[in-house]
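Please keep the sequence and the structure side by side while reading. The paragraphs that follow go from the helices to the packing between them.

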Amino acid sequence: MYKDNSLKTYLDDLAAKKPAPGGGSAAALTGALGCALLSMACNFTVGKEKYKDVEPKIKSALKETEYLRGRFLSLVDLDVRAYQKVFNSRLAKEDVYQKNLIASTRVPLEIGVLASKGYGLCPLLKKIANKYLISDVRVGEELLKSCFKSAIFNVIINLPLIKDKGFISQTKKTITDLKYRFK
């Protein structure tokens with residue numbers, strides 16, 4: 001859907017009077033932007049004589065940021081599709097609606113988990129990446145923090161509508177376990 005279209009198309013649809021895309025996909029896009037900045041910092045570090053000693057760590061971080069960036073980009077579309085199913089099943093049988101609601105809640109929860117992983121790379125990159133890219137690392141860090149908060153808002157808003165107590169309990173535990181990383 002959006003992954004292979006222009007940013008303008010996505011932003012126009014985000015601003016339109018449509019149920020999706022919305023906050024979840026915007027959180028995913030924010031995560032992709034944050035990871036792209038971290039990847040840029042890594043790419044400007046790899047191959048520089050001055051950073052030769054840390055190159056293995058930078059290459060490992062680059063591999064992770066690129067994986068995360070790609071997954072976030074996929075989650076932009078996955079969130080749109082998941083929410084469209086919820087929206088379209090509002091008047092369906094309760095079990096269908098609940099199934100779609102839980103599935104759509106898992107998407108921003110994954111976005112939050114991935115944001116935490118990307119954010120966790122930032123302290124290392126601030127120390128060892130090319131010093132001329134530290135501001136980009138810091139912007140990436142802030143974008144990932146925003147991604148996390150935005151994704152979790154989208155999870156929390158759904159929880160009162162979900163009837164599966166086990167899912168609610170596990171989701172709240174996951175959120176609690178992740179939140180401490182962002183303080």
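Helices here are DSSP runs of H or I with at least four residues, strands are runs of E with at least two, and both are numbered from the N terminus. The model is a predicted one, in which local features need pLDDT of at least 70 and side-chain atom pairs count only at pLDDT 80 or more, while totals for chains, interfaces and linings use all residues. Residues are numbered from 1 along each chain as its sequence is written, and side-chain values use heavy atoms, with hydrogens and water left out.

Q98 is part of helix 4, and Q98 counts as buried because its relative accessibility is 10%, where buried means under 20% relative accessible area, exposed over 50% and partly exposed in between, with a 1.4 Å probe and protein chains only. Apart from neighbours within four places in sequence, Q98 has contacts (heavy atoms within 4.5 Å) with L161, I162 and K163.

A nonpolar core is a set of buried Ala, Val, Leu, Ile, Met, Phe, Trp, Tyr and Cys residues joined through side-chain atoms within 4.5 Å. The largest such core has 44 residues, of which I58, F72, I111, L125 and L144 touch the most other members. Two or more residues each come from helix 2 (23–43), helix 3 (55–88), helix 4 (94–128), helix 5 (134–156) and helix 6 (165–179), and helix 4 gives the most, with ten residues. Beyond four places in sequence, I58 touches C42, T45, V46, L125, I128 and A129. A second, separate core of eight residues has Y97, L101, I102 and I162 among its members.

Finally, the loop between helix 1 (7–15) and helix 2 contains P21, which is joined to A20 by a cis peptide bond with omega of about 10 degrees.
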